[in-house]
Structures are given as C-alpha cells and as structure tokens.
Amino acid sequence: MKQMDPVEILLVEDNPADVELTLRALKKHNLTNKVQVVSDGAQALDYLFGSGAFAGQYNRLPPKAVFLDLKLPKVDGLEVLRRMKADARTRLIPVVVLTSSKEESDIVESYKLGVNSYVVKPLDFDRFVEAVSALGLYWLLLNQTPF
Amino acid sequence: MNLNKSLQNIRLGWSPFVAVAVTTLAAIAISIYCLLSGWAIIFQNLFYVPIIIACVYYTKKGFVFSVVISFIYLFLIVAFTRDSAIIIEALMRVFIFAGIAGVTTFMSIKRRRLEDELSQHRENLEKLVKERTTKLEQTMEETKRLKQQVEFILGATKTGLDIIDSELNIRYIDPEWQKIYGDPQGRKCHEYFMERSDACPDCRGLKTLATKQVMVSEGVLPKEGNRHVQVTTIPFQDEKGDWQVAEINVDISERKRAEESLRETRDYLDSLINYANAPIITWDTEQRITKFNRAFEKLAGYHAAEVIGQGLRLLFPSESIAESLQKIKSTSSGEFWDAVEIPIKRKNGEVRIALWNSANVYAKDGKTIVATIAQGQDISERIRAEAEIRRLNEELEQRVLQRTAQLEAAHKELETFSYSVSHDLQTPLRAIDGFSRIMLDEYASKLDNEGRRLLTVIAANTHKMGQLIDDLLAFSRLSRQQMAFAPVDLAALAAAVFCELKTTEKGRRIEFKIGALPAAFGDRSMLRQVLQNLLANAIKFTRLQTKACIEMAELAGKGENIYYVKDNGVGFDMEYAHKLFGVFQRLHGSDEFEGTGVGLAIVQRIVLRHGGRVWAEGAEGAEGAVGKGATFYFSLPAAAKNETATSKEKPADAKMVK
C-alpha cells in the first residue's frame with residue numbers, strides 16, 4: 001500500500017495468519033485493497049494520530065472503518081478504542097471490534113467505550129469469510145461516514 | 001407465899017362447904033367440950049381452920065361467915081365463961097379472927113383474882129397455844145406438803161439436793177437420791193457420790209467454802225451412767241455458825257443432748273461447707289473473713305487458719321482492689337451478687353478470676369445483716385479459653401480473609417486462563433481451518449482425491465477442536481457464574497430457543513409441542529442454556545426421522561416442578577444411562593452424531609445449582625434405525641422453596657472442569 005493512497009480500512013491485528021485470512025476474505029468479494037495493516041496497538045495509535053512511525057502523515061482522510069482486534073501487544077485493543085473515542089480527531093471513525101473473545105466483559109466494556117460493532121471471529125473458515133465480507137460490504141459500501 | 005402454897009396443898013378432895021361445915025361443927029363441938037371441961041385456950045385455934053377455909057374458898061361470903069363464927073366463938077366464950085380476962089381475950093381474938101379473916105379473904109380475893117387472871121391468862125395462853133399449835137400444825141402440814149412437793153419435783157426433774165459440811169460429811173440427801181445411792185450412813189461426800197476414798201481434786205465444796213461465794217459448775221455422775229448435771233454450790237452458815245454448802249444438782253442431760261445434737265449439726269454443716277466443691281467464704285460486718293472452706297484454700301493457696309479473722313482485702317490483687325471492695329460494700333447494703341466477676345490473688349501472687357454469688361445472713365429480726373456468704377467458681381480457665389477463642393476467631397478471620405483473597409486471586413487467574421484459552425487456542429485453529437480451506441479452494445486442481453480428502457479431515461478436526469474449546473469454556477464459565485434468580489417463563493423461553501435453533505436446520509420437518517409449564521424461579525441465562533442444550537440434542541438426534549416430534553411438558557411432582565423434553569429420535573441404551581450426564585461422555589460415536597459430550601453435563605450442572613435434579617429415559621431402536629426416542633427430565637424446586645434455593649446454592653467454586 002502506498003502511504004499516500006486513501007486508506008479505507010485500518011486493520012489492527014497481530015496474528016499474521018488472521019491478517020492473511022482477513023485480507024483474502026476482503027479480496028474475495030472485491031471489496032477493497034486499500035487496507036492499512038498495523039500489528040499492535042501502539043502502531044495503531046501512531047497511525048491514527050500521526051506519531052511515531054507515521055509521523056508527518058496526519059493530513060489525510062481517516063479510514064472508513066477500523067477493524068480492531070482486542071488482544072494486541074504493547075497497547076491492547078480496548079485501550080486503543082478508549083483513546084480513539086476520547087480524542088475528537090478520531091472519535092467519529094467507526095470501530096469494529098473483530099476478536100475471537102466471546103467474553104461478556106469484553107463485549108460490555110467495548111460498548112461502554114462506544115464501539116460501533118462487535119464481531120466474534122468464527123472458527124469455521126467459511127463463516128469467517130462470510131463475516132468479513134459482510135462487514136466489508138456494510139462498512140465500506142452501505143455505511144455513510146461523516147468524512 | 002408459903003402459906004398459900006401450903007394452903008393450896010390442902011386439897012382434901014372434899015367440897016369446901018363440907019369442909020367448912022365439918023370443921024365449924026367440930027370447932028364448936030370441941031369448943032363446947034373444952035368450955036365445959038374448963039380448957040378455954042385450946043379450942044380457940046380450932047376456929048382458925050373453918051375461918052381460913054371459908055375465907056379461902058368463899059372470900060367475901062367466907063368473911064361474913066368468919067365474922068359470924070367469931071361471934072359464935074364470942075358467944076360461946078361469954079356463954080361458958082365469966083372470966084373477964086378470957087372474955088376480953090376472946091374479944092381480942094374476935095378482932096384477930098376478923099383480921100385474919102379479912103386478910104385471908106383479901107388474899108383469897110386477890111388470889112382468886114390472880115387465879116382468875118391466871119386462869120384467864122392460861123385460857124388465853126391455851127387459846128394462843130392452841131392457835132399456835134394449829135398454826136404450827138398447819139405450817140408443819142404445809143411444810144410437809146411442800147417438802148413432799150419439792151422432793152417430788154426434785155425427783156421428777158432429777159434435781160438432787162445435798163448439804164455437805166466443811167468436813168465433807170453429808171448432812172442431807174434428798175430422798176429420791178437416797179433411793180438411788182442409798183443411805184449415806186455417815187459417809188463423806190466423795191465416798192458417797194464418787195466412791196473415792198479421798199476428796200475429789202477439784203472438790204466444789206472445798207472451793208466454795210474457801211471463797212464463800214456461790215459457784216455454778218457442771219459435773220458428771222458416774223454412778224448414774226455419767227448423767228450430766230449442773231451443780232450450784234451455795235455456802236451458808238448454819239445456826240451454830242458452822243459453814244456448810246448446799247448443792248443443787250440440776251439434770252442437764254437433755255440440754256447436753258441438745259447441745260451435742262446442735263454440735264453435730266453444726267459440724268455437719270461445717271463439713272458440708274468445708275468440703276463443698278465450690279470455694280465458699282463468709283465474712284462479717286467488718287469485712288473480716290469468718291469461714292474459708294477447702295475449695296477456697298485450694299483456689300487461694302492459703303490455709304483457712306491463715307486468713308480467718310483477716311480482712312477480705314488480703315485476697316484481692318492490687319489492680320482491682322478498689323473495684324472489688326466496692327462490690328463487697330454493695331453486699332452490706334443488702335444487695336447480693338449473681339455471677340459477679342471478682343479476681344482473687346493467690347498466696348503466690350498469681351491472679352485467678354472467679355464468678356461469685358452471694359447471699360446475706362440476717363439476724364432474727366430479719367433486717368440486720370449478720371454475715372455474708374459467697375460462693376464462687378473459678379473461671380480463670382474459662383476466661384483464658386474465651387480469650388483463646390477470641391484470638392483464634394481473629395486468627396480465623398484473618399485466615400479467612402487471606403483465603404478469600406487467595407481464592408479471589410485464584411479466581412482471577414482462572415478467568416484470565418479461560419480467557420487466554422479461549423482466545424489463544426482458537427486463533428491458531430482458525431488459521432489451520434482457514435488455510436486448509438484455502439488449499440481446498442484454490443489448489444484443488446493441483447491435488448488428487450486423496451489430497452483433498454486429507455485436507456477435509458484436517459478441516460473437520462479443527463472444527464471439532466473448536467467445538468470442544470467452546471464447550472469447555474462454557475462449562476467452566478458455568479461454575480464461575482453468579483446466579484441471578486428471577487421468575488422465568490420456561491414455555492416462552494423454550495419457544496424462543498427453538499426458534500433460534502430451527503433456523504440452522506433448514507429443510508427439516510420439526511414439530512415442537514409445548515405444554516403448559518409452571519413458572520420457574522431461577523437464573524434466566526442458565527435456564528436458557530439448559531433448554532438450548534436439551535432442544536439442540538433433541539433436534540440433533542431426531543435427524544434421521546422424517547418428521548421430528550419434540551415435546552416439552554410438565555410432570556406432576558411433590559414439592560418440585562418436573563419438566564421433560566421428549567423426542568422421537570434415536571434414543572439411547574438405558575444400560576448406559578448413568579453415563580449420559582458425564583463430561584465428555586457420549587453414547588454415540590462421532591461418526592453417528594457429532595458432539596463433544598459436554599451438553600448434558602452442562603444441563604446437569606445448571607439444574608443442580610438450582611437445587612433440582614436430572615434424569616433420562618431412553619429406548620434404543622434397532623440398529624440405528626427408527627428409535628423409540630428419549631425423554632430428558634429435569635426438576636426445579638417449587639416456587640416457595642426457591643427462595644431458600646439461593647442459600648442452598650453453592651457459590652462459584654473454583655472447581656476445575658473434570
């Protein structure tokens with residue numbers, strides 16, 4: 001991905017296998033190829049706030065959605081979510097938590113922090129592909145963003 | 001007067017008249033004879049006889065008679081004599097006669113009077129004497145009676161009376177005593193009473209004679225079987241001025257017996273107090289110890305002799321002395337203790353705590369306190385035990401807090417573990433499944449059938465693993481969950497669950513009949529899980545039927561509501577019914593029906609936590625074909641008992657899944 005190209009989805013996921021599968025799923029329905037992948041929470045924040053490795057890239061359109069895994073190294077998903085929703089610059093960006101955790105505490109906490117959607121990654125590959133496609137379809141094509 | 005005396009001696013025994021008459025006649029006769037014979041002198045004295053007799057006996061009349069006789073004499077003389085000298089002598093003699101008559105008469109009169117007086121006196125005297133005699137007799141009677149009475153009383157009361165002189169000779173022994181001891185026979189006191197040959201060493205008689213004072217003492221009479229007497233020894237002087245002692249011996253056998261009995265009772269009571277199990281102490285109005293029993297000796301380490309007469313202070317440790325004395329004071333104002341704690345200081349300084357009851361002893365008036373008695377119970381051990389218990393309780397609380405903290409920590413750990421498990425185990429699984437699927441999809445052409453089959457196997461197993469993990473997580477979550485009790489409409493819940501499940505079973509004819517189900521009281525999500533598992537099973541195992549019939553209804557039960565889910569599916573062999581609810585236990589192979597074998601275990605766990613029970617009936621059909629179906633029952637306690645179910649329900653235990 002070229003850095004200057006508008007990014008449609010910010011995928012925050014540490015597991016490379018999951019990353020690959022997700023990208024494949026998105027590609028399958030030709031939903032997009034404008035996906036920025038970051039592998040931990042700190043990088044995600046850097047990207048969103050234009051700091052660290054992504055310094056100097058602040059002035060651009062925000063992504064149409066952030067697919068956020070919860071279990072992340074360095075800064076975990078909930079913290080990223082919190083920071084995003086706390087900051088006016090990033091509050092409006094739709095966040096979809098995409099995680100294998102079905103724990104009620106995670107779900108409740110996420111919604112408390114203002115998550116826009118919470119999806120549990122199905123184990124079954126077919127279902128997984130379906131889910132990701134559906135998400136892509138919805139958030140990229142159906143949903144209207146404020147930007 | 002000699003004349004009188006001699007005259008009185010002339011008692012002729014004849015009547016005086018006769019005497020006078022005779023002598024007069026004799027005198028006259030003799031006079032006449034003498035006159036005739038010429039002897040004038042001899043006969044004149046004869047006339048004295050009748051004169052004197054007459055005057056003596058007839059006084060005044062006698063005098064007159066004497067005068068008459070004198071004149072008769074004169075007449076005679078004159079008649080028979082002419083001698084003037086004799087006549088003159090005779091005249092003179094007449095005067096002499098008169099004189100003598102007069103004197104005699106006078107004296108007779110006097111004598112008479114005197115005699116009268118005398119006889120009057122004598123009469124008086126006799127009267128007096130008679131009176132006196134009567135009185136004396138009466139007195140003597142009286143005295144005799146009194147004496148008899150006294151002797152009777154002495155005898156009846158066994159009071160002995162004896163009088164001993166200064167030589168210890170017996171002067172008097174009362175008759176009753178004499179009856180017992182016999183006649184004194186001149187024996188000395190000690191010989192008679194004590195059968196001693198010499199005086200008793202502490203002889204009362206001698207002592208009293210020495211002091212000249214009344215002495216009261218006690219003695220014993222060996223001769224009468226050692227009868228107890230109280231002897232009052234009284235020294236006195238008799239009419240001669242000699243000192244003697246009178247002894248009054250009062251029988252005091254009864255008194256002695258009573259004293260003895262009293263002493264026995266007192267000794268008995270003293271023993272009771274002394275040997276009683278509890279420490280007992282009494283003190284007087286000055287707070288001095290008057291009684292101190294053995295148990296108290298043991299408690300305080302003092303001998304009774306060491307403390308009796310001492311003040312109570314001695315028993316109190318200095319720290320509590322003021323307080324204890326205050327409590328003592330309260331008893332003297334009439335209050336009594338009922339389980340009052342007072343510490344006691346032992347002789348060796350050690351302090352023991354005791355619980356006291358007290359009571360006041362009143363004088364006869366019922367108002368004045370004479371003494372206070374207190375009974376205690378050494379509760380030092382109890383207090384120590386209480387302190388120990390308290391300490392142990394505190395320790396226990398500490399430990400409980402620690403344990404709770406530990407448990408909570410363990411819990412937390414477990415949660416994180418489960419969380420990890422769920423997330424970290426599943427992720428690679430997804431990868432395996434995903435990539436093998438990609439392989440199948442995109443490289444199918446490059447693989448032969450075997451290759452494709454192998455990949456399919458891989459995919460199937462990852463699914464299985466995923467399922468297992470899910471079920472495990474569900475099961476473990478179950479134990480940790482807190483139950484929230486509320487009324488649950490099972491019928492509605494069942495319908496909802498069935499709807500959900502049915503959506504995944506497209507193309508199948510499944511009929512679900514719900515009967516009237518009594519309202520349940522329990523945790524909604526958990527009960528939902530139960531229904532989910534049971535209905536999912538029903539749906540799964542009826543897959544081979546053209547039309548699946550699932551039924552849920554109520555069964556009558558006492559004190560509990562019994563629900564059942566019945567299906568017309570493949571059923572199961574009743575022989576293995578007991579394994580049904582075990583974790584990971586399956587009665588069908590995975591090639592027949594998928595499943596991890598956790599579903600029913602979860603159902604059982606939930607129902608048990610609600611205080612109910614589960615069981616199943618099944619009838620296996622022939623070799624996998626149309627079976628007789630299975631019925632799964634579960635009971636929940638009836639509404640009223642459900643309230644208590646919360647207390648019966650086990651809290652989230654940290655039990656790991658079997």
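## Thr145 of chain A

A:T145 lies in the segment that follows helix 5 (125–142) of chain A. In this predicted model, the relative accessibility of A:T145 is 16%, so the residue counts as buried, the cut-off being under 20%. Apart from neighbours within four places in sequence, A:T145 is in contact with A:K64 and A:P94.

## Chain A as a whole

Chain A has five helices and five strands. Along the sequence they follow the pattern β-α-β-α-β-α-β-α-β-α.

Of the 147 residues in chain A, 54% count as buried. Taking the contacts in chain A between residues at least 6 apart in sequence, 65% join residues that are at least 24 apart.

## Helix 1 against helix 5 in chain A

Helix 1 (residues 16–28) of chain A packs with helix 5 of chain A at an angle of about 60 degrees, and their axes are 8 Å apart. That angle makes helix 1 of chain A oblique to helix 5 of chain A. The crossing of helix 1 and helix 5 of chain A is right-handed.

From helix 1 of chain A, the residues in this contact are A:L21, A:T22, A:A25, A:L26 and A:K28. They meet A:F125, A:F128, A:V129, A:V132, A:S133 and A:G136 of helix 5 of chain A. By class, the contact of helix 1 with helix 5 of chain A comprises seven nonpolar residues, three polar and one charged.

## The sheet in chain B

In chain B, five strands form an open sheet in the order 7-6-10-9-8, with antiparallel pairing. Strand 7 (289–292) and strand 8 of chain B are the edge strands, each pairing on one side only. From one strand to the next, the twist averages 30 degrees.

Strands of a sheet pair through backbone hydrogen bonds, in a parallel or antiparallel sense. At one edge of this sheet, strand 7 of chain B pairs with strand 6 (residues 280–284) of chain B in the antiparallel sense over three bridges. Within strand 7 of chain B, B:F292 is the bridge partner of B:I281. Helix 11 (residues 321–332) of chain B packs on the sheet and touches strand 6, strand 8, strand 9 and strand 10 (369–378) of chain B. The direction of helix 11 makes about 135 degrees with that of strand 8 of chain B.

## The hairpin of strands 8 and 9

Strand 8 (residues 338–345) of chain B runs antiparallel to strand 9 (residues 351–362) of chain B, and seven bridges join them. B:V340 has B:W356 of strand 9 of chain B as its bridge partner. The hairpin has five residues between the strands, and B:G349 takes a positive phi near 95 degrees.

## Helix 14 against helix 15 in chain B

Helix 14 (residues 490–503) and helix 15 (residues 524–541) of chain B pack at about 50 degrees, their axes 9 Å apart. These two helices of chain B are therefore oblique to each other, and their crossing is right-handed.

Helix 14 of chain B makes the contact through B:L490, B:L493, B:A494, B:V497, B:F498, B:E500 and B:L501. On the side of helix 15 of chain B, the residues are B:R524, B:L527, B:R528, B:L531, B:Q532, B:L535, B:A536 and B:I539. Sorted by class, the contact of helix 14 with helix 15 of chain B has 11 nonpolar residues, one polar and three charged.

Definitions and conventions:
Residues are numbered from 1 along each chain as its sequence is written. Chains are lettered from A and ligands numbered from 1 in the order in which they are written. This is a predicted model: local features need pLDDT of at least 70, side-chain atom pairs count only at pLDDT 80 or more; totals for chains, interfaces and linings use all residues. Side-chain values use heavy atoms; hydrogens and water are left out. Helices (H or I, at least four residues) and strands (E, at least two) are DSSP runs, numbered from the N terminus. Buried means under 20% relative accessible area, exposed over 50%, partly exposed in between (1.4 Å probe, protein chains only). Contact means heavy atoms within 4.5 Å. Axes are lines fitted to C-alpha atoms, for helices over the stretch in contact, and angles run from 0 to 180 degrees between N-to-C directions. Angles under 35 degrees count as roughly parallel, over 145 as roughly antiparallel, 65 to 115 as roughly perpendicular and the rest as oblique. A crossing is left-handed if the near helix is turned anticlockwise from the far one by less than a right angle, and right-handed if clockwise. Ala, Val, Leu, Ile, Met, Phe, Trp, Tyr, Cys and Pro count as nonpolar, Asp, Glu, Lys and Arg as charged, and the others, Gly among them, as polar. Two strands pair if DSSP finds at least two bridges between them.
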